[in-house]
Amino acid sequence: MQLAERLGFQGRWHLVTASLIMGISDKLTMGFCSPSHNFKEIKLEYQKEEDSTITVGRVFGNNEKELLLSYLDRVEVDKKFDDALNDTSKHIFVFGSSKQGKTSLLRKHIEGKYNFIKIVCDSETDSPSSLYNTLLLEIGASIHSSTSVTRTESSDLSAGLKAEVKLKVFPATSANISGNMGTKDGHGETYTEKFEEMSINPGKVQDVKILLERCGYGQHIIILDNFHYLPKDVQTKMAFHLRTWNDFKIRFIVLGVWQDSNYLEVYNPDLMDRYVPIPVEPWTIEDFKAVAKKGAEKLNITFSDTVLDKIISSSEQSIGLFQELIQIIVKKRVSERKETNVLFDDDKVVPIAIGEKIKNYEHPFRNILKKIASSNVGTKENPYYLAYYIVKYIFSVSNKNQFDIGVTKDQIATYISENLEHRSGEKSVVKNVLGPQLNRIPKILEKESFSDLLKYSEDNDALRIPNKYFIFYLKNSNSAAELSKIPKPWEIIETEL
């Protein structure tokens with residue numbers, strides 16, 4: 001259900017603008033009226049001055065507020081992204097596995113340099129209209145019905161306009177004014193809010209585009225983060241909408257965890273030549289060493305070659321996992337920059353760090369595997385429970401690196417036929433019924449917001465694991481112990497009976 005419907009509204013939008021009457025400071029004037037700034041960015045100007053202490057978290061941590069001090073410029077990624085930003089005629093699609101540097105890339109090249117509106121996608125979004133509802137709320141538009149209630153920032157009203165408004169202000173427009181409200185700010189100064197009323201269809205690209213332009217956001221870049229969380233049908237519709245947005249010269253940057261550069265083009269071939277693909281992978285061994293060196297210099301620490309090589313080999317080519325392991329290791333002896341250099345040369349700390357990370361991941365991964373394994377339960381009388389055997393096969397593969405390129409349906413079918421405990425007399429039919437089960441797994445993962453955990457391709461009949469954290473979990477956990485915690489589905493049925 002769309003936001004407007006949930007609120008009981010009919011889709012009428014009010015724009016809030018402001019004109020100053022008296023005594024507002026220069027800083028407030030900029031905050032209220034400058035069309036060339038992003039409202040969120042303006043707020044940053046008044047934050048307290050940043051702490052200059054160099055901590056391990058600021059260097060190697062998962063910092064949501066600032067760019068990590070160990071950030072590494074990679075010519076093949078950063079320069080390409082900069083060039084794409086300069087080409088205003090195309091969208092930009094940034095893709096790669098989880099925690100591989102997509103957000104940091106934007107923080108490095110977008111924040112403080114470009115005006116943007118960021119929308120974080122989720123699996124509850126049921127249509128492009130829902131996305132645009134969020135977009136319009138981000139810029140301060142409010143949905144209203146013909147009957148509304150009074151709400152203001154102050155109880156001191158000088159007029160009785162009845163309107164429920166999300167108070168956010170824009171450059172004044174010359175549109176028809178449906179009402180105004182006088183109130184007082186926190187310093188006793190008076191200003192007037194003016195409301196422009198428009199009727200639009202939030203699902204129509206052109207209507208949303210007009211509204212963005214009227215609000216002074218027509219030149220902003222729109223960022224869609226976690227695009228992969230959207231249901232597949234919404235992704236498909238957005239692929240067509242992106243083509244239309246391109247015609248209107250409004251740019252989108254789309255972030256997702258897919259691996260193929262033409263991912264969205266598959267949904268809409270008309271996107272060809274209308275976007276620049278920016279893959280953030282792969283990270284090379286030299287890249288990892290450069291990140292470690294840069295971070296070590298910031299903290300005045302040193303890693304021995306033995307320790308660093310062991311961390312790199314354990315990180316599954318994931319820069320996020322690499323930095324998380326380093327952070328655990330360094331924090332055991334250092335919390336912030338030291339005056340005297342600290343040497344890390346004991347490689348015994350690496351397996352300890354790995355064990356700590358596994359504790360973080362085993363619960364969520366085990367739970368999603370339980371959901372996959374039990375997905376056959378109750379579907380029909382006496383099923384094969386192939387989903388459980390797929391999970392069992394994943395644990396059984398000794399060389400988990402096979403999942404980088406993919407294991408074939410034939411390989412999985414052979415394993416299941418040899419290990420089938422339920423309906424063991426019908427092993428020959430396993431291969432014939434395995435394909436549909438493999439196709440169902442992505443739908444289960446999509447509902448659980450784990451869309452990049454497992455990927456099955458019918459084109460080459462291969463099952464892949466693109467999520468490097470999942471590979472890390474499989475390699476470093478006790479497979480037999482983990483599998484024993486996943487109930488056999490036929491035993492669940494027997495228990496219930």
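Analyst: Rings of Phe, Tyr and Trp (its six-membered ring) pair if their centres lie within 6.5 Å; planes under 30 degrees apart count as stacked, over 60 as edge-to-face and the rest as tilted. This is a predicted model, where local features need pLDDT of at least 70, side-chain atom pairs count only at pLDDT 80 or more, and totals for chains, interfaces and linings use all residues. Residues are numbered from 1 along each chain as its sequence is written, and side-chain values use heavy atoms, with hydrogens and water left out.

User: Which residues do ring pairs link into a cluster?
Analyst: The cluster holds Y361, F365, F395, F450, Y469, F470, F472 and Y473.

User: How many aromatic pairs are there by this rule?
Analyst: The count is 18.

User: Why is the pair of Y132 and W245 edge-to-face?
Analyst: Their planes are at 70 degrees, with the ring centres 5.8 Å apart, so the pair is edge-to-face. Y132 is in helix α7 (residues 128–138) and W245 in helix α9 (residues 232–247), so to speak of distant parts of the chain: they are 113 residues apart. Helices are DSSP runs of H or I, at least four residues, numbered from the N terminus.

User: What about F288 and F322, how are they paired?
Analyst: That pair is tilted, at 4.9 Å centre to centre and 55 degrees between the planes. F288 sits in helix α11 (residues 285–299) and F322 in helix α13 (residues 319–331), 34 residues apart. F288 and F322 are buried.

User: New topic. Which ring does R74 lie over?
Analyst: R74 lies over the face of W283, 3.5 Å from the ring centre. R333 has its charged end over the ring of F344, at 4.7 Å from the centre. The rule: NZ of Lys or CZ of Arg within 6 Å of the ring centre and within 35 degrees of the ring normal.

User: And the largest nonpolar core, which residues have the most contacts inside it?
Analyst: F303, F322 and I416, in a core of 76 residues. A nonpolar core is a set of buried Ala, Val, Leu, Ile, Met, Phe, Trp, Tyr and Cys residues joined through side-chain atoms within 4.5 Å. Helix α14 (residues 349–373) gives the most to this core, with 10 residues.

Definitions and conventions:
Helix = DSSP H or I, 4+ residues; strand = E, 2+ residues; numbered from the N terminus. Buried < 20%, exposed > 50% of the residue type's maximum accessible area, 1.4 Å probe, protein only.
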